[in-house]
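Please look at the sequence and the 3D structure below before reading on.

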2 protein chains.
Amino acid sequence: MDSKTKAQYEARAKILKALAHHTRLFIIDQLKREKRCVCELTEMINADTSTVSKHLSVLRNAGLVKDEKIGASVYYELTTPCITNFFGCVESVIKANAELQMALTEN
Amino acid sequence: MDSKTKAQYEARAKILKALAHHTRLFIIDQLKREKRCVCELTEMINADTSTVSKHLSVLRNAGLVKDEKIGASVYYELTTPCITNFFGCVESVIKANAELQMALTEN
DNA sequence: TGTACATTTGGTAATTTAACCAAATGACCA
DNA sequence: TGGTCATTTGGTTAAATTACCAAATGTACA
């Protein structure tokens, strides 16, 4: 694997790393529906505001969301909604794993 | 976020975490083309065999690949090829980020 | 049986991640 | 201006991740 190829995979991995946390996946799902400010998201998620803010900055650094200040609040929205198309396939992996597990425990 | 919902997002995050490493993304791309054994993958990737083996076990634990022993070799293949459909959207995020970066550095 | 090859597993050190608290910054309004 | 709400940033700690080396396990074959 040459260094150029490696850099390309690293760029992809950066995006996936940003998605790879349950709180951030929840945020993505919420933003798919509508813009939300940090305080709204914080209320939905059971965590400190600073924790939610940091999750949002991870998503922002990956280019997955953008923010807009309105009054004292900062609203976040998805930059690339296609990102949620992926979850269908993720779900099918989860379902397949569950079925495999079922089949194994039957014995 | 109730505990059931949280568990669902954690299940998704587990899959994404398994994908979130440049070496594992490379492996996924290779396996999309054809089955490969650990030694073939190790030769393509510049890393120790044990490192590659551990990456494969991460993918296996997530249910993304399955293995089959043939002679002394273990061949890996994708369980759910749809996983690669996602990369198109990931690329579009990367491209958008690059364009944004260009626009910013122009000033 | 002995040797070589393929793979996995265990151990260690360095790095990254994530959560919370506390403090700083910024906006709004009485 | 002073107070309050919204958000971000810095600091600390605990846990997870990754890479490599060394050693164990399994397969094939002379």
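## About the model

This is a predicted model, in which local features need pLDDT of at least 70 and side-chain atom pairs count only at pLDDT 80 or more, while totals for chains, interfaces and linings use all residues. Residues are numbered from 1 along each chain as its sequence is written, chains are lettered from A and ligands numbered from 1 in the order in which they are written, and side-chain values use heavy atoms, with hydrogens and water left out.

The size of an interface is often given as the accessible area lost when the parts come together. Here chain A and chain B bury about 3300 Å² between them, 74% of it on carbon and sulfur atoms; this buried area is the accessible area (1.4 Å probe) that two parts lose on being put together, summed over both. Of the area that chain A buries against chain B, M1(A), R12(A) and H22(A) supply 20%, more than any other three residues. The contact (heavy atoms within 4.5 Å) takes 34 residues from chain A and 34 residues from chain B.

Between the two chains there are 4 salt bridges, a salt bridge being a side-chain nitrogen of Lys or Arg within 4 Å of a carboxyl oxygen of Asp or Glu. One of them joins R12(B) to E91(A), with the closest N and O atoms 2.8 Å apart. On the side of chain A that touches chain B, the elements giving two or more residues are α1 (3–19), α2 (22–33) and α5 (86–105) of chain A, where helices (H or I, at least four residues) and strands (E, at least two) are DSSP runs, numbered from the N terminus. The largest share of that side, 10 residues, comes from α1(A).

## Around DNA strand D

A residue is near a strand if one of its heavy atoms lies within 4 Å of it. Of the 23 residues around DNA strand D, those that come nearest are C39(A), S53(A), K54(A), Y76(A) and H55(B). At least two residues each of the surface near DNA strand D are supplied by α3 (38–44), α4 (49–61) and β3 (73–78) of chain A, together with α4 (49–61) of chain B.

Among the atoms of DNA strand D within 4 Å of the protein, 65% belong to sugar or phosphate and the rest to bases. An N or O atom in the side chain of K54(A) is 2.8 Å from a base oxygen of DNA strand D, whereas an N or O atom in the side chain of R24(B) is 3.2 Å from a phosphate oxygen of DNA strand D.

Conventions. Polar contact = N/O pair within 3.5 Å; in protein donor to acceptor, adjacent residues only side chain to side chain.
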